[in-house]
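I opened this entry to keep track of what I looked up. Short notes follow, one topic at a time.

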Amino acid sequence: MRCKLCDNFIRTNLSLKEWLYFIPVEKLSICERCQAKFEKVDPDISCPICKKSGHSHICPECLAWQKIYPKYSFKHDCLYYYNDWMGEWLEKFKFKGDFQLAQCFQHDLKVFFRHVNYDLIIPTPLSKERQQIRRFNQVEALLYFADIKYADILEKTIDTLPQSNKTRQDRLDMPQIFSLKSRESVFQKKVLLVDDVYTTGRTLLHGVDCLYLNGAKLVHTFSLAR
Amino acid sequence: MWQEFFYGRRLLKSDIPESLLAYLDEAEVNKLPAFKLSNRNKHQCLRCGNELEESDFLVNYLGFIEHYCSYCLVMGKATVGDTYYHLPQTSKIDEVNFYWEGELSPSQQRASQMILEAVEKKKDILVHAVTGAGKTEMIFETVHKSLVNGKFVCVASPRVDVCLELYPRFQAAFDVAIALLHGKQRGDYYHSQLVICTTHQLLRFYQAFDLLIVDEVDAFPFRGNPMLEYGVTQALRPQGSMIYLTATPTKQLEYQVRTGAMEVSGISVRYHGYPLPVPQTIWLWQWHQKLMKGKLPRPLQIILEQQLEAGRRTLVFLPTINLMERTEKLLTKVFPNHHISSASSTDEERLSKVKNMREEVYDLFLSTTILERGVTFRDIDVIVIGSNHDVFNTASLIQIAGRVGRKAEFPKGAVFFIHDGWSLAMKQAVSQIKRMNAEGIKGRLLRDEM
């Protein structure tokens with residue numbers, strides 16, 4: 001096997017447990033060195049709500065969001081901090097469009113989703129125009145390889161420029177961009193909204209807002225990187 | 001002229017700027033399929049020659065499976081069903097002035113003549129010349145003749161650094177528009193008779209060049225990369241010829257020479273006529289463990305002290321970045337009064353540090369294999385620590401030894417291989433260097449004072 005990111009051969013040493021108990025060997029898609037460059041979230045030094053690093057209490061950003069949406073309960077989970085390496089990975093995966101790279105996180109996602117319990121898992125949608133260019137929705141790709149069932153019921157009604165091309169203030173000022181395909185589907189349900197990156201939280205909170213307005217009982221959010 | 005963007009190129013829709021999209025429906029634009037079914041009933045990418053595996057797919061937004069080539073993805077995504085837009089290469093004759101006034105040594109002259117004859121016979125040729133033989137100058141005459149005859153010429157190299165070094169040299173020699181293409185540069189493409197590009201960029205060309213020169217064929221990432229080799233054959237016109245330049249030919253090229261598919265022109269002496277420095281090997285038990293423990297082994301310290309006392313600037317090669325960083329820390333502690341620095345592929349200040357080294361700021365300069373080729377420092381010695389490590393193959397050891405004595409004013413220097421057990425690569429490297437020197441003596445090409 002070759003590493004999907006650096007193209008070097010992956011060498012794995014079987015553990016004694018794997019030898020003795022015939023546990024199926026996890027097929028690695030990236031090598032240890034590349035894996036180590038992704039920074040795992042450490043809950044002790046992160047904001048308890050949005051997992052922003054360097055905050056032991058609720059961070060100012062989350063306080064600001066709570067002012068805007070006072071009625072909603074917030075909880076965001078993520079696996080990795082956004083660093084240069086993650087940026088590079090996203091560039092290859094999203095913008096160059098290498099669908100297969102979604103495999104890099106299949107194991108971590110499987111582990112995470114094994115321990116949570118939601119009625120519905122909803123990926124954040126792309127606009128039609130963007131979908132036609134990119135050919136796939138990156139969030140769905142991540143869920144697809146992790147074998148997670150999801151319901152594609154949100155849609156993005158307005159085509160916006162890619163978020164990454166905007167300044168922070170531009171992003172915060174954006175109007176609601178999501179709508180629900182069918183209203184009844186989320187009524188009184190526990191929902192997890194999934195995105196690839198949480199930067200300002202604007203996109204995810206639009207989604208949360210849209211879902212609560214349509215009668216969801218509880219909405220939590222999840223992203224790969226923060 | 002909008003056509004100029006398409007001549008000899010094979011482009012995906014995503015490669016084409018918006019201003020030209022309107023022309024795509026014109027009748028003269030050829031539309032080529034991106035994939036064909038291979039003999040094994042698999043989709044074969046026509047850009048890079050890769051046969052798609054079952055696992056190369058994406059699930060698109062409608063829930064259908066699409067196949068795409070993940071090999072040449074860096075050049076833009078080609079999915080099954082996509083089309084390439086292409087116009088055949090035209091004839092275009094620019095006024096070509098040749099300015100180069102340097103002089104070729106007799107052996108260079110002979111090689112230059114052989115290259116010219118091979119190209120006229122429309123044969124491929126391998127130029128096997130030692131490091132520092134002056135390969136670029138030898139192809140000038142052939143390039144000039146071809147350009148004057150209205151042919152399209154491309155000089156490609158696997159490494160960006162090499163392309164960046166070649167560009168000004170060609171610009172100084174030829175008064176003709178030269179397109180420089182590589183992945184890091186943003187700028188408009190323009191149609192020109194002479195192109196200098198990385199081997200990756202050749203994937204965007206289709207039957208475009210009458211003469212294709214590949215410099216440093218044995219370098220990463222070209223070596224053993226079927227995608228780039230396929231790209232080269234695709235970029236060449238059916239009647240065109242290839243010139244491969246290298247100091248360390250691969251097995252495959254040697255085989256082609258033996259079977260007569262390719263001519264060969266060898267140069268076993270450097271342009272200044274001094275022999276290649278033969279590496280001295282020093283056995284150092286467990287160099288890896290000792291360095292990792294943070295100890296400078298005694299024999300290594302003696303060599304470095306000798307070098308520093310004699311005032312010789314020394315380039316030290318190490319197999320891995322990790323080891324290089326540790327050794328740098330160690331050396332700055334042991335030799336606090338000397339300037340020591342290092343460069344690796346992950347170092348952002350690499351270019352400025354290499355420039356400083358050229359200006360002779362540092363006494364010791366540590367590096368990984370990235371500096372193995374394409375760089376010239378004046379009057380240096382080289383130490384390879386751990387030359388029996390896997391990353392040093394025959395070609396890179398020969399190239400590393402070739403860093404020494406490249407300038408005519410300082411044609412001599414020392415090369416040390418520090419190892420704990422001969423590797424096959426080391427044996428081959430030393431014997432190849434000796435063989436080249438012996439050939440030079442036989443042909444009475446070397447100067448007497450050995």
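**Helix pair in chain B.** I started with helix α10 (residues 394-401) and helix α11 (residues 424-442) of chain B, in what is a predicted model. Their axes come within 8 Å and cross at roughly 50°. The crossing of α10(B) past α11(B) is right-handed.

I then asked which residues make the contact. From α10(B) I noted B:Thr394, B:Leu397, B:Ile398 and B:Ala401. From α11(B) come B:Ala425, B:Met426, B:Gln428, B:Ala429, B:Gln432 and B:Ile433. By class, the residues of this contact are seven nonpolar, three polar and no charged.

**Further along α11(B).** I looked up B:Ala438, which also sits in helix α11 of chain B.

**Helix α9 of chain A.** I moved to α9(A), residues 202-213. This helix has 12 residues and spans 16 Å from first C-alpha to last, close to the expected 16 Å. Which of its residues are buried? I listed A:Thr203, A:Leu204, A:Leu205, A:Gly207, A:Val208, A:Cys210 and A:Leu211. What covers them includes α3 (60-68) and the strands β4 (154-156), β5 (178-180), β6 (190-197) and β7 (218-225) of chain A. After α9(A) I found A:Gly215, with a positive phi near 95°.

I noted A:Arg135, whose phi is near 75°. A:Arg135 is in the loop between α6 (128-134) and α7 (138-145) of chain A. With 17 C-beta neighbours inside 10 Å, I put A:Arg135 down as partly exposed.

I noted B:Glu216 too, with phi near 55°. Its place is the loop between β14 (209-215) and α4 (226-235) of chain B. Why do I mark B:Glu216 as buried? Because 24 other C-beta atoms lie within 10 Å, and the cut-off for buried is 20 or more.

**Between the chains.** Last, I turned to the contact of chain B with chain A. How many residues does each chain give? Chain B gives 10 residues and chain A gives 10 residues. On the chain B side I counted four nonpolar, three polar and three charged residues.

Methods:
Residues are numbered from 1 along each chain as its sequence is written. Chains are lettered from A and ligands numbered from 1 in the order in which they are written. This is a predicted model: local features need pLDDT of at least 70, side-chain atom pairs count only at pLDDT 80 or more; totals for chains, interfaces and linings use all residues. Helices (H or I, at least four residues) and strands (E, at least two) are DSSP runs, numbered from the N terminus. The expected span of a helix is 1.5 Å times one less than its number of residues. A residue is buried if 20 or more other C-beta atoms lie within 10 Å of its own, exposed if 12 or fewer, and partly exposed in between; C-beta atoms are placed from the backbone. Two residues are in contact if their C-beta atoms, placed from the backbone, lie within 7 Å. Ala, Val, Leu, Ile, Met, Phe, Trp, Tyr, Cys and Pro count as nonpolar, Asp, Glu, Lys and Arg as charged, and the others, Gly among them, as polar. Axes are lines fitted to C-alpha atoms, for helices over the stretch in contact, and angles run from 0 to 180 degrees between N-to-C directions. A crossing is left-handed if the near helix is turned anticlockwise from the far one by less than a right angle, and right-handed if clockwise.
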